[in-house]
Amino acid sequence: MTWVWTLQEGDCTGCGICADLCPHEAIHMPPEEAYPSGIVDLCTGCMICVKECPFDAITVWQRASGAETRVLAATAR
Ligand code: SF4
Ligand code: SF4
């Protein structure tokens with residue numbers, strides 16, 4: 001299983017709370033940027049960012065390798 005996070009930019013204020021609280025450094029808040037970014041593969045799915053974001057701007061997803069295989073197969077056709 002792979003965990004990834006995605007951002008709904010229209011809901012994000014760039015407050016940086018998610019970056020401060022992520023225990024695995026999967027989210028960073030570059031000072032010159034409007035939105036957080038990061039290495040989504042470092043996400044462990046702990047859901048802290050989802051629970052603590054005041055604006056519900058982050059979603060964390062779990063992707064099964066089988067599902068990824070099916071997506072790739074569909075794209076290849
Ligand atoms: S905590 Fe929410 S609103 Fe704040 S930077 Fe993170 S995603 Fe954006
Ligand atoms: S779910 Fe946890 S590990 Fe993943 S980005 Fe959010 S706080 Fe970081």
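This is a predicted model: local features need pLDDT of at least 70, side-chain atom pairs count only at pLDDT 80 or more; totals for chains, interfaces and linings use all residues.

Biologist: Which of the 13 residues around ligand 2 come nearest?

Modeller: Residues are numbered from 1 along each chain as its sequence is written, and chains are lettered from A and ligands numbered from 1 in the order in which they are written. A residue is near a molecule if its C-beta atom, placed from the backbone, lies within 6 Å of it. Around ligand 2, the nearest of the 13 residues are C22, A26, C43, C46 and C49.

Biologist: Which residues come nearest to ligand 1?

Modeller: Ligand 1 has 13 residues around it, and C12, C15, I17, C18 and C53 come nearest.

Biologist: How do the residues of the shell around ligand 2 divide?

Modeller: Ala, Val, Leu, Ile, Met, Phe, Trp, Tyr, Cys and Pro count as nonpolar, Asp, Glu, Lys and Arg as charged, and the others, Gly among them, as polar. The shell around ligand 2 has 10 nonpolar, 3 polar and no charged residues. For the shell around ligand 1, the division is 10 nonpolar, 3 polar and no charged.

Biologist: Which residues make up the largest nonpolar core?

Modeller: In soluble globular proteins, nonpolar side chains tend to be buried together. A residue is buried if 20 or more other C-beta atoms lie within 10 Å of its own, exposed if 12 or fewer, and partly exposed in between. A nonpolar core joins buried Ala, Val, Leu, Ile, Met, Phe, Trp, Tyr and Cys residues through C-beta atoms within 7 Å. The largest one here has 10 residues: W5, C18, C22, A26, I27, C43, C49, C53, A57 and I58. Of the 77 residues of the chain, 14% count as buried.

Biologist: Where is M47 found, and what is its phi?

Modeller: Most residues other than glycine have a negative phi. M47, although not a glycine, has a positive phi of about 75°. M47 lies in the loop between α1 (17-21) and α2 (48-52); helices (H or I, at least four residues) and strands (E, at least two) are DSSP runs, numbered from the N terminus.
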